[in-house]
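Dear colleague,

I am passing on the structure below, together with notes on what was found in it. Please read the notes with the model open beside you.

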Amino acid sequence: NKVTFDYSKAAKFISADEVKSMERIVEQSKEVLVSKSGAGNDFLGWIDLPVAYDKEEFARIQKAAEKITSDSEVLVVIGIGGSYLGARAAVEFLRHSFYNVVSKEVRKTPEIYFAGNSISGRYLSDLIQVIGDRDFSVNVISKSGTTTEPAIAFRVFKEMLEKKYGKAEAAKRIYATTDKSRGALKKLATEEGYETFVVPDDVGGRFSVLTAVGLLPIAVSGADIIKLMEGAADARKDALEKPFAENGPMQYAAVRNILLRKGKQIEVLANYEPSLHYVSEWWKQLYGESEGKDQKGIFPASVDLTTDLHSMGQFIQDGSRNLFETVLNVTDSEAEIVIGEEPVDLDGLNYLAGKNMDFVNKSAMNGTILAHTDGNVPNLMITVPGQDEYSLGQLFYFFEFACGVSGYTLGVNPFNQPGVESYKKNMFALLGKPGYEAEREELMKRL
Ligand code: PA5
């Protein structure tokens with residue numbers, strides 16, 4: 001039950017010689033990655049995480065998840081970027097499509113809402129209304145402990161908890177995931193006595209889904225985090241040990257770099273299951289922040305199909321030819337909806353009677369892949385054997401490993417994000433943060 005990669009449908013765009021020569025280059029990049037000799041080498045803790053994680057903390061995560069489940073109807077997860085996308089991707093991929101609104105009997109675990117990933121007052125006040133007077137807990141996640149969006153949301157929910165439960169009981173409902181010793185959140189957590197979980201120094205935000213950052217919310221959703229780690233551990237072994245011909249992440253890194261060098265500057269990640277929407281969002285952050293720098297990179301985009309065939313489909317089929325497509329194909333669909341037969345075939349669908357929806361969905365997928373290939377969009381495929389924890393653990397690791405190798409092949413430091421600071425500087429200046437007076441004056445003239 002392995003996640004696999006197949007680029008055979010892109011054969012007309014890529015020659016065997018090109019693959020051979022790129023194979024050498026990505027093998028070198030892999031060597032730089034695993035020998036930890038490249039740029040950003042102090043952020044490579046994620047490579048061994050699936051086999052070298054903190055077992056004591058893992059057990060504490062499971063206990064905290066049990067406590068939250070027993071004393072809270074709602075968990076608010078506060079974080080942005082790498083401090084929320086992985087957890088959200090996992091909960092949506094693994095659990096019920098209508099997780100928060102399906103009955104408690106079906107869900108069995110707390111409702112989970114994400115906050116602090118925007119600065120929208122409307123979103124927060126609507127969320128406060130949804131929580132109402134029900135029991136809730138908060139998991140505030142920030143590696144730096146100083147990011148504005150989650151810090152603002154946390155102020156709001158901290159005050160709400162303290163009003164509702166008093167300071168001492170509120171502190172028992174706040175779980176802080178942050179740096180082990182630095183940052184404002186760590187300081188606050190120590191002073192107020194919150195239970196804390198650690199984002200390791202050598203794991204960057206977008207590579208942190210398999211630390212407490214992702215694991216606590218995922219465990220609260222009722223998903224099996226042991227199986228998730230097992231999937232990642234098996235994918236790690238394959239990524240490190242398999243030769244190129246059998247190594248999915250290495251081939252993916254190679255093929256996307258071949259396509260980039262031929263002017264395919266946009267990669268569209270396509271899924272055919274709505275529950276993969278946030279897997280794509282997680283992937284976009286991983287690749288966008290890792291590769292988009294030094295005026296280089298593949299722009300990561302995504303579509304949810306067949307939905308977006310009725311919006312973006314025209315462009316993919318027929319617009320500027322600067323893109324390639326990677327399809328996430330989940331082979332095993334648990335749900336079986338069989339299309340019925342109508343006595344009078346008014347909608348003309350009787351030819352599908354007796355077929356299940358998954359057959360129709362897969363036919364749409366295969367037809368689309370061929371149409372896009374004919375429209376000169378190289379199509380790659382990553383097959384995910386099931387919508388379960390073991391498969392997702394593999395998929396997370398597959399993408400992370402390929403990202404490290406691909407970034408080095410591109411010639412960038414895949415593990416920093418200097419570009420993220422520019423908007424922050426301007427925002428602080430415009431908000432009147434002390435220390436930004438000169439910048440503020442300059443910016444005000446330009447507004
Ligand atoms: O990948 C990254 O480093 C970023 O996207 C961060 O995850 C994001 O900016 C949030 O940072 P922090 O966890 O420090 O609040």
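Five strands form an open sheet of mixed pairing, in the order β1-β10-β9-β7-β8; strands are DSSP runs of E of at least two residues, helices are runs of H or I of at least four, and both are numbered from the N terminus, while two strands pair if DSSP finds at least two bridges between them. The edges are taken by β1 (4-6) and β8 (299-304), each of which has a single partner strand, so one side of each is left without a neighbour in the sheet. From one strand to the next the twist averages 20°, where angles run from 0 to 180 degrees between N-to-C directions and axes are lines fitted to C-alpha atoms, for helices over the stretch in contact.

This is a predicted model, in which local features need pLDDT of at least 70 and side-chain atom pairs count only at pLDDT 80 or more, whereas totals for chains, interfaces and linings use all residues. Residues are numbered from 1 along each chain as its sequence is written.

Within the sheet, strand β7 (residues 266-271) pairs with strand β9 (residues 323-332) in the parallel sense over six bridges, and valine 268 stands opposite glutamate 325 in β9. Helix α15 (residues 357-374) packs on the sheet, where it touches β9 and β10, and its direction makes about 165° with that of β9. Helix α12 (residues 248-261) lies across β1, β7, β9 and β10 (379-386), running at about 30° to β1.

For "active site", an unreviewed UniProt entry lists Glu289 and Lys424; UniProt positions are given in the numbering used here, feature names are shortened, and annotations may be inferred rather than shown by experiment. Glutamate 289 lies in helix α13 and is buried, with 23 other C-beta atoms within 10 Å (buried means 20 or more such atoms within 10 Å of a residue's own C-beta, exposed 12 or fewer, and partly exposed in between, with C-beta atoms placed from the backbone). Leaving aside residues up to four places away in sequence, glutamate 289 touches Arg206 and Gln417, contact meaning that C-beta atoms, placed from the backbone, lie within 7 Å. Lysine 424, in helix α17 (residues 421-431), counts as partly exposed, because it has 13 C-beta neighbours inside 10 Å.

Helix α17 also packs against helix α18 (residues 437-446) at an angle of about 90°, with their axes 8 Å apart. The contact is made by Lys425, Asn426, Ala429 and Leu430 of α17 and by Glu439, Arg440 and Leu443 of α18.

Note on methods
Two residues are in contact if their C-beta atoms, placed from the backbone, lie within 7 Å.
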